[in-house]
Amino acid sequence: MTTTQGSVPESGPSSSGAGDARWQAVEARISAMAAARPRMTVTRDAEVWFSIAPGVQKRQLYVDADAGWESFFLKLEPGAELAPHRHTATEEGLVLSGEVMIDGEVLREGDLHIAFAGHDHGLLRSEIGALLYIRGPLAPLEDLDLSDPLIP
């Protein structure tokens, strides 16, 4: 591992033990800084969208792995849809713009949809396009079903 005064190591923890101790100290400092931070802002400049289905994109906003939930934007292009899926915990979806049809019900800007735990969620489709804010459960890694349309 190569370093200079005040620089960041070029590689991760070493197997020598001394490098591990330094990385543990760095991780402890980062954790302490994060714990002391009273708030967090996600700016629009930090936009990273990824495709989860044809015409459907997801932008992760925040993940609280300890509490088991996440929040994200879901963008549907005109005609895009997501297949039915099951909810393991309550999920909230707020339509920010456009229209989306869920289980035959049309939701418009400002409408809130709540999918309760243990129930199937029917087809989600947008004829004109839509942007939604979603807050819901974070699936445990061992339970990931790669055929689930909301899992990238």
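The questions and answers below go through this structure step by step.

Visitor: What kind of model is this?
Guide: Residues are numbered from 1 along each chain as its sequence is written, and side-chain values use heavy atoms, with hydrogens and water left out. Local features need pLDDT of at least 70, side-chain atom pairs count only at pLDDT 80 or more, and totals for chains, interfaces and linings use all residues, for this is a predicted model.

Visitor: How many helices and strands does the chain have?
Guide: Helices (H or I, at least four residues) and strands (E, at least two) are DSSP runs, numbered from the N terminus. From the N terminus on, the elements run α-β-β-β-β-β-β-β-β-β-β-β. The chain therefore has 1 helix and 11 strands.

Visitor: What share of the residues of the chain counts as buried?
Guide: A residue is buried under 20% relative accessible area, exposed over 50%, and partly exposed in between (1.4 Å probe, protein chains only). Of the 152 residues of the chain, the share that counts as buried is 24%.

Visitor: Is isoleucine 52 buried or exposed?
Guide: Isoleucine 52 has its place in strand 1. Because its relative accessible area is 14%, isoleucine 52 is buried.

Visitor: Which residues touch the most other members of the largest nonpolar core?
Guide: A nonpolar core is a set of buried Ala, Val, Leu, Ile, Met, Phe, Trp, Tyr and Cys residues joined through side-chain atoms within 4.5 Å. In soluble globular proteins, nonpolar side chains tend to be buried together. Of the 16 residues in the largest core here, those that touch the most other members are Val56, Leu74, Leu76, Leu82, Val100, Leu124 and Leu132. The elements that give two or more residues to this core are strand 1 (50-53), strand 3, strand 6 and strand 11.

Visitor: What is the volume of the largest cavity?
Guide: On a 1 Å grid over the protein atoms alone, a cavity is a set of points where a 1.4 Å probe fits but cannot get out, and lining residues have an atom within 4 Å of a point. Grid points are joined across faces, edges and corners, and a volume is the space filled by probe spheres set on the points. The structure holds 1 cavity of 30 Å³ or more. The volume of the largest cavity is about 80 Å³.

Visitor: Which strand gives the most to the lining of the largest cavity?
Guide: Of the 14 lining residues, the closest to the centre are Glu91, His121, Leu124, Leu132 and Ile134. Strand 3 (69-76), strand 6 and strand 11 (130-137) each supply at least two residues of the lining. With 4 residues, the strand that gives the most is strand 6.

Visitor: With which residue does the side chain of lysine 58 make a polar contact, and what is its distance?
Guide: Lysine 58 is found in strand 2 (residues 56-64), and it counts as buried because its relative accessibility is 2%. A polar contact is a pair of N or O atoms within 3.5 Å; within protein, one must be able to donate a hydrogen and the other to accept it, and residues adjacent in sequence count only if both atoms are side-chain atoms. The side chain of lysine 58 makes such a contact, at 3.4 Å, with the side chain of glutamate 70.

Visitor: Which residues do salt bridges with shared partners join into one network?
Guide: A salt bridge is a side-chain nitrogen of Lys or Arg within 4 Å of a carboxyl oxygen of Asp or Glu, and the structure holds 4 of them. Arginine 125 and glutamate 81 meet in one (3.1 Å, N to O); this pair links distant parts of the chain, strand 10 (residues 124-125) and strand 4 (residues 81-82), 44 residues apart. Arginine 125 also forms a salt bridge with glutamate 127, the closest N and O atoms being 2.7 Å apart. The network joins Glu81, Arg125 and Glu127.

Visitor: What is the phi of aspartate 103?
Guide: Most residues other than glycine have a negative phi. Aspartate 103 is found in the loop between strand 6 (91-102) and strand 7 (105-108). Although aspartate 103 is not a glycine, its phi is positive, at about 55°.

Notes. On a 1 Å grid over the protein atoms alone, a cavity is a set of points where a 1.4 Å probe fits but cannot get out, and a pocket is an open set with protein on both sides within 12 Å along at least five of seven lines; lining residues have an atom within 4 Å of a point.
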